[in-house]
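Here's a quick briefing to read alongside the model. Have the sequence and the 3D view open as you go.

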Amino acid sequence: MDGERSRCGWATSTAEYVRYHDEEWGTPLRGDDALFERLTLEAFQSGLSWITILRKRPAFRAAFAGFSIDAVARFTAEDEERLMADAAIVRNRAKIRAAIGNARAAGEQPEGLSELLWSFAPTGPRPRPATLADVPATSPESVAMARELKRRGFVFVGPTTAYALMQATGMVDDHVADCFRASP
């Protein structure tokens, strides 16, 4: 691992974390299917370590048709059983059903999932966290996002999951002050 760069403390324990932190986490991401993938993976992560999901992401992509909203929305009971039998992913029936239901809900959003989610991104300057202890688990925006998503038929999208999604997709920049990825 690159010892020359200062990183957020959570991102240094494995090569996968370093790569994810350096190349992906906190980078603005748009696109309905791309954000559906992240929303789905954050929901699957609930109660687990993110490294578990990160290591299984290729299998999740294969199992969930590349996270195509249209394709997942058409999944049937047979697909649910196929997913439950797939040892390469997290086999949790409630989360699998949530992913399928959330794809159907995402497909019904007139503005598209990307525009809906980004409408909750904070505007204006935010203080940069000095340390990991300064990084919140939720925000007023993530509470509002979770509430609106639930109102629109999404499940497994509480305020903490919503905030993790916002961090991962660059809606908020929570790289700590001494991280090389911290924006000025």
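Predicted model: local features only at pLDDT ≥ 70, side-chain atom pairs only at ≥ 80, totals over all residues.

**Cysteines**

- A disulfide is a covalent bond between the sulfur atoms of two cysteines.
- For C8, the closest cysteine sulfur belongs to C179, and at 3.8 Å that is too far for a bond.
- C8 is buried, with a relative accessible area of 0%; here buried means under 20% relative accessible area, exposed means over 50%, and partly exposed is in between (1.4 Å probe, protein chains only).
- C179 is buried too, at a relative accessible area of 5%.

**The nonpolar core**

- In soluble globular proteins, nonpolar side chains tend to be buried together.
- The largest nonpolar core here has 50 residues, and F60, F64 and M145 touch the most other members. A core of this kind is a set of buried Ala, Val, Leu, Ile, Met, Phe, Trp, Tyr and Cys residues joined through side-chain atoms within 4.5 Å.
- Elements giving two or more residues to this core are α1 (15-23), α2 (32-45), α3 (50-63), α4 (69-73), α6 (93-107), α7 (113-118), α8 (140-151) and α9 (159-168). Helices (H or I, at least four residues) and strands (E, at least two) are DSSP runs, numbered from the N terminus.
- The biggest share comes from α3, which gives seven residues to this core.
- Set aside neighbours within four places in sequence, and M145 is in contact (heavy atoms within 4.5 Å) with L117, F120, A162, L165, M166 and M171.

**The largest pocket**

- Rolling a probe the size of a water molecule over the atoms shows where empty space is left.
- About 270 Å³ of space lies in the largest pocket. The volume is the space filled by probe spheres set on grid points, which are joined across faces, edges and corners.
- A pocket, on a 1 Å grid over the protein atoms alone, is an open set of points where a 1.4 Å probe fits, with protein on both sides within 12 Å along at least five of seven lines; lining residues have an atom within 4 Å of a point.
- Of the 13 residues that line this pocket, W10, W25, W50, A164 and Q167 are the closest to its centre.
- Two or more lining residues come from each of α1, α2 and α9, and α9 gives the most, with three.
- Sorted by class, the lining has nine nonpolar, two polar and two charged residues. In this scheme Ala, Val, Leu, Ile, Met, Phe, Trp, Tyr, Cys and Pro count as nonpolar, Asp, Glu, Lys and Arg as charged, and the others, Gly among them, as polar.

**A buried glutamate**

- E24 is in the loop between α1 and α2.
- Its relative accessible area is 19%, so E24 counts as buried.
- Apart from neighbours within four places in sequence, E24 is in contact with R19, R38, R57, A168 and R181.

- L54 is in helix α3 and counts as buried, at 10% relative accessibility.
- Beyond its neighbours within four places in sequence, L54 is in contact with E16, Y17 and Y20.
- A62 also lies in helix α3, but A62 is exposed, with a relative accessible area of 63%.
- A62 and M84 are 22 residues apart in sequence and 14 Å apart in space, C-alpha to C-alpha.
- A65 lies in the loop between α3 and α4; A65 has a positive phi of about 50° although it is not a glycine, and counts as partly exposed at 36% relative accessibility.
- F67 lies in the loop between α3 and α4; F67 has a positive phi of about 60°, though it is not a glycine, and counts as buried at 0% relative accessibility.

Note on methods. Residues numbered from 1 in each chain as written. Heavy atoms only, no water. Disulfide = S-S within 2.5 Å.
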